[in-house]
Amino acid sequence: MKRLTALYLAITLPLVAACGEDEPEEPPPPPPQERCEADNLKAFAAGTIERDGNRFVLDLSSNDVSGRIFDDRELRIRLGSAPAPGTNEEQPLILRLVSNEEDPEFSVFAEQLADMTGPEQPLELQIYDASDYSDLGSSNLTSLSSFDCSIDDDATVCAQIGFDTSGTDILDDDDQYVYNAAGGTFTLEGFDTASGRMLATFDIELGPNLFAFQDPSTGIIEGCLWPEYDSRVPGEYWGLD
């Protein structure tokens with residue numbers, strides 16, 4: 001009997017111990033700023049837009065960014081597609097960055113950015129508060145040219161995020177959901193000539209919708225950019241793909 005009892009315990013104790021073990025927890029996903037490299041994405045963005053007590057969640061990624069860095073001090077890139085607040089149809093979400101002081105030393109904005117970054121030398125830009133548009137009138141609301149943001153003077157940049165509801169691949173007054181940034185940071189880690197990719201991260205506070213009267217919207221969006229870049233159009237623009 002003692003031998004049977006010992007055999008029973010030898011068999012059952014490991015089973016009891018195994019059943020009592022907790023399953024290992026899955027590690028949390030990396031923060032939005034690290035998702036591009038972690039998941040091999042060209043763009044990733046996550047955040048929320050809140051309006052009238054409703055919260056609209058943004059969680060989108062893309063490997064079809066279709067962007068440019070222009071000579072008129074603008075970077076424009078598609079972050080992916082998502083439904084605009086209160087709608088069901090997905091629309092492209094576009095990020096714009098604009099610097100309003102032109103430095104004659106650089107003919108292309110991308111060349112200026114590339115010159116200001118390097119190995120172990122990221123460029124951190126503070127995002128200008130362009131959320132007060134009360135003096136802009138009733139037309140050309142998406143223009144950021146009147147705001148005092150300049151990479152040259154004080155390392156600031158104006159930012160804008162909006163849904164391309166008009167299907168023009170830009171943000172203009174024909175769109176319905178466009179938000180000027182109220183603050184945050186945009187960090188350009190640099191241009192990697194070996195891989196042909198540009199790496200940047202952002203953390204942007206959003207102001208009200210430009211096209212909704214007295215809109216109380218607030219929001220935040222975080223993410224990263226890791227697109228391929230093409231500098232084969234010297235003196236004009238760099239493509240982002």
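**Exercise 1. An aromatic pair and its surroundings**

Are Phe191 and Tyr229 buried or exposed? Work from this predicted model, and then describe the geometry of the pair that these residues form.

*Solution.* Begin with accessibility: Phe191 is buried, and Tyr229 is buried as well. Next, turn to the rings, which form an edge-to-face aromatic pair with 5.1 Å from centre to centre and 85° between the planes. The pair links distant parts of the chain, since Phe191 belongs to strand 8 and Tyr229 to strand 11 (residues 229–230), 38 residues apart.

**Exercise 2. A tilted pair**

Describe how Tyr128 and Phe147 are arranged as an aromatic pair, and state which parts of the chain the pair ties together.

*Solution.* The structure holds 6 aromatic pairs. One of them is that of Tyr128 and Phe147, which is tilted, with 6.2 Å between the centres and 55° between the planes. Both residues lie in the loop between strand 6 and helix 4, so the pair ties together parts that are 19 residues apart in sequence. As for accessibility, Tyr128 counts as partly exposed because its relative accessibility is 27%, whereas Phe147, at 10%, counts as buried.

**Exercise 3. Charges over rings**

Find which rings lie under the charged ends of Arg68 and Arg197.

*Solution.* For Arg68, the ring is that of Tyr237, whose centre is 4.0 Å from the charged end. For Arg197, the ring is that of Trp226, again with 4.0 Å to its centre.

**Exercise 4. The buried face of helix 3**

Which residues of helix 3 are buried, and why can they be said to line one face?

*Solution.* Within helix 3 (residues 109–116), the buried residues are Phe109, Ala110, Gln112 and Leu113. Viewed down the helix axis, the buried residues fall within an arc of 160°, so they line one face of helix 3. To complete the picture, list the elements against which the buried residues of helix 3 pack, including strand 4 (74–83), helix 4 (151–154) and strand 8 (177–192).

**Exercise 5. The disulfides**

How many disulfides does a search of the whole structure find, and what is the handedness of the link of Cys36 and Cys224 and of that of Cys149 and Cys158?

*Solution.* The search finds 2 disulfides. In that of Cys36 and Cys224, the S to S distance is 2.1 Å, and the link is right-handed, with 100° about the S-S bond. This pair links distant parts of the chain, with Cys36 in helix 2 (residues 35–39) and Cys224 in strand 10 (residues 218–225), 188 residues apart. Cys36 has a relative accessible area of 0% and is therefore buried; Cys224, at 0% relative accessibility, also counts as buried. In the disulfide of Cys149 and Cys158, the sulfur atoms are 2.2 Å apart, and the torsion about the S-S bond is about -110°, so this disulfide is left-handed. Cys149 and Cys158 are both buried. Counting bonded cysteines along the chain gives the pattern 1-4, 2-3.

**Exercise 6. The nonpolar cores**

How many residues does the largest nonpolar core have, and which strand gives the most to it?

*Solution.* The largest nonpolar core has 43 residues, and those with the most contacts inside it include Ile69, Met198 and Leu225. Strand 8 gives the most to this core, with 6 residues. Apart from this core lies another, of 7 residues, among them Cys36, Phe44, Leu199 and Trp226.

Definitions and conventions:
Residues numbered from 1 in each chain as written. Predicted model: local features only at pLDDT ≥ 70, side-chain atom pairs only at ≥ 80, totals over all residues. Heavy atoms only, no water. Buried < 20%, exposed > 50% of the residue type's maximum accessible area, 1.4 Å probe, protein only. Helix = DSSP H or I, 4+ residues; strand = E, 2+ residues; numbered from the N terminus. Arc of directions from axis to C-beta. Contact = heavy atoms within 4.5 Å. Phe/Tyr/Trp six-rings, centres within 6.5 Å; stacked < 30°, edge-to-face > 60°. Lys NZ or Arg CZ within 6 Å of the ring centre and 35° of its normal. Core = buried A, V, L, I, M, F, W, Y, C linked by side-chain atoms within 4.5 Å. Disulfide = S-S within 2.5 Å.
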